[in-house]
Amino acid sequence: MLSAILVMAGIALVLGGVLGWAAIRFRVQEDPLVEKIDAILPQTQCGQCGYPGCKPYAEAISKGDADINRCPPGGEEGVKRLAELLGVEPKPLGEGLEHKPKSVAVIDEALCIGCTLCIQACPVDAIVGAAKQMHTVVADECTGCELCIQPCPVDCIRMEVIHEDIANWKWRYPVIPLKKVA
Amino acid sequence: MRKLHAFNGGVHPEGHKGESTGRPIETMPLLPRYVVPLRQHIGEPARPVVKPGDRVLRGQLIGQPEGYVSVGVHAPTSGRVLAVEPRPVPHPSGLADLCVVIDSDGEDRTVETAPLDWRAMDPSALRNRLREMGLAGLGGAVFPSFIKLNPGARRHIPILILNGAECEPWITCDDLLMRERAADILAGAEIMRHMLGTEEVLVGIEDNKPEAIAAMTAAAGGRGVEVVAIASLYPGGGGKQITYTLTGRVVPAGGLSTDVGVQVFNVGTAYALLRAIRDGEPLVSRIVTVTGHVVRPGNFETRLGTPVADLLRAAGGELPDATGQIIGGPMMGFGLMDEAAPITKSVNCVIVKNAALFPAAPAPMPCIRCGACARACPAELQPFELYWYARTRDFGKTQTYHLFDCIECGCCSYVCPSHIPLVEYYRFAKSEIWSREHEKQAADQARERHEFRAFRLEREKQEKAEKLAKKASERLEGGAVAAEDPEAARKKALLQAAIAKAQKAKEAVRPKNVDNLPPDKQREIDAIEARRAQAGQAEQAAETEAKR
């Protein structure tokens, strides 16, 4: 009886040791959740979610502080992908948030007084210019966050929707025309 | 006799070649107006270098190549530039694109051209020349030819294939070109061979073009070029298919024919190359088949920029009850949205449809998993699987099933007993994947820039703090600094003298009427004096700070 208990206890100890060692030795450094969430977010850095950028929002989601439907640039599609990642039900975009077509900021260069306020507001450094010099937006880098609109003292920045052209045109999902049968 | 290899699948659609091969190539008359798109090739569109009002000559560069994968665009005739603006172009979207509109002056004067001495020219300089002259593959893909003619530093390309298969129904422009200009095509191939360092040149022609085979064989005598008749089986003219048929070499998935030492050019490209080098003439025209429901089907030497409507007129016009046009062939082509759209380097055929020749597609039925598409697929894919995943937008899975090896030949849709427009689903999936890839890249870039900005702001804050700290410590060591620098010491002495003088003057001014005050007044005065002293100290501190 006693020997049986000792043998079992011995086996348990040895196996436990092996498992413990393996857990440390073969530890898989898993991608933290924040990175995965951040990868889904569109990186406009617009702050419409109420956080100062996409990363802080991702951190808030991973902590459970923020809902997944606070990102308008990501749209329904983004909410769906976040829901899939986190294993929750997708939901419509939050109250007062609206998905807009992708656009870029354009500075009216004749009106610009060179105050640099928009340069300071741009989260991705996509506006070039210097004090008392005309500023301009680097369209390729602009995320369309609209953060530069509000600080402009002369209201010379507007958002322009990116129109479909041959370079960015996409084949549509095939639709089968319905036929009237009698 | 060369041993030929049969690729998997393929279909036998009705040829309809006879309609347009009855007459020799006709040259289109000079038109009053041309609309020349700046995006006629794969890659970056050319940048316009003319403005409205400019006079141009035939062959003059009007679009400068922009970026590496790009070629030049040239004026098709002499005249005046009317506009540089978006106009309808032949594209499945029907969208407009930037074009140079040229009003012809009727004189058709040309820029001075000089033949290129290609044997003496450095290969890289020769390629640059071809890039400027607008050479792009005329088989339909319009990939810049100069890139394909670069064998790379170490890569050796022993086999050059001239593609004269022209497997798609209705199209006969390569057929007629081979019949009439075989020697020129082979002379162009000679230059290609020189540029690539190729030993063997093969010409693959489908056996439904006996006249072309005879003409090419006659011209090939003594040139060391082998003309091979291959079985007529669509899509035998696909790059990978013709490579396999002629050489037995299998192009790896996601790879190019150069990976197996083969380069493939369309016969029309070889001819255009000869014109560019022998005559120094940039690419301003091509042969286009006009066929189907028109009065006089045939092949026309057409200047690039010719509106489709004018080309149709040259073919006698459409017959009554025409139901639209197809650009390209019926298997891979697309419907034309606007007859004002011009002929470009990629347009090899315009087919006018009618209800009898091109009946409306029957309504699609559900997939019954019969596997006919997989048996027909020349790329050895599983079209039905691709269809499932594209339909449910499972784009990751479509890529596991090698969506990007699909050449969109249309064999699967052709054989599908349920009439499912399979290729449309693949095109949808491909463009969706490309667009997501693009979005992801943009997002990554934005993330990087945002992170760098955060880092930069932090760094600036730190630098400012360090600067302030340095200043504070300097102030503490002020005496030491002065001792080291006699000039600074002199200035400091002067400053101190001035301050002392000012202080003395201040003290000299005694307040009046302050004797025998009641205690509350005295307290008030004391408080004011204390505040003044404090303010004075602050002022002094600010002054010294400013002077530093």
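## The second largest pocket

A pocket here is an open set of points on a 1 Å grid over the protein atoms alone, with protein on both sides within 12 Å along at least five of seven lines; a residue lines it if an atom lies within 4 Å of a point. Grid points are joined across faces, edges and corners, and a volume is the space filled by probe spheres set on them. The model is predicted, so to speak of local features takes pLDDT of at least 70 and side-chain atom pairs count only at pLDDT 80 or more, while totals for chains, interfaces and linings use all residues. Residues are numbered from 1 along each chain as its sequence is written, chains are lettered from A and ligands numbered from 1 in the order written, and side-chain values use heavy atoms, with hydrogens and water left out.

By class that is 30 nonpolar, seven polar and seven charged (nonpolar: Ala, Val, Leu, Ile, Met, Phe, Trp, Tyr, Cys and Pro; charged: Asp, Glu, Lys and Arg; polar: the others, Gly among them). In chain B, β16 (334-335), α12 (411-415) and α13 (422-476) each put in at least two lining residues, and α13(B) gives the most, with four. Helices (H or I, at least four residues) and strands (E, at least two) are DSSP runs, numbered from the N terminus.

## Domains

Domain bounds come from an automatic or database domain assignment. For chain B it gives domain 1 (18-26 + 124-354) and domain 2 (365-491). Their C-alpha centres lie 36 Å apart, and the contact (heavy atoms within 4.5 Å) takes eight residues from domain 1 of chain B and 10 residues from domain 2 of chain B. Both domains give residues to the lining of the second largest pocket, so the pocket lies between them.

Chain A splits into domain 1 (33-86) and domain 2 (101-163). There the C-alpha centres are 25 Å apart, and four residues of domain 1 of chain A are in contact with five of domain 2 of chain A.

## Nonpolar cores

A nonpolar core is a set of buried Ala, Val, Leu, Ile, Met, Phe, Trp, Tyr and Cys residues joined through side-chain atoms within 4.5 Å. Buried means under 20% relative accessible area, exposed over 50%, and partly exposed in between, with a 1.4 Å probe and protein chains only. The largest core has 58 residues, and B:L130, B:L162, B:I185 and B:M216 have the most contacts inside it. Helix α4 (residues 182-196) of chain B gives the most to this core, with nine residues. Apart from it lies another core, of 30 residues, including B:V36, B:V308, B:L312 and B:I343.

B:M192 sits in helix α4 of chain B and counts as buried because its relative accessibility is 0%. Beyond its neighbours within four places in sequence, B:M192 contacts B:L149, B:L160, B:L162, B:F265, B:T269, B:A270 and B:L273. B:L160 is 32 residues away from B:M192 along the chain, with 8.2 Å between the C-alpha atoms.

## Cavities

A cavity is a set of grid points where a 1.4 Å probe fits but cannot get out. The structure has seven of 30 Å³ or more. The largest cavity holds about 190 Å³, and among its 17 lining residues B:L138, B:Y271, B:A272, B:S285 and B:R286 are closest to the centre. α7(B) gives the most to this lining, with four residues.
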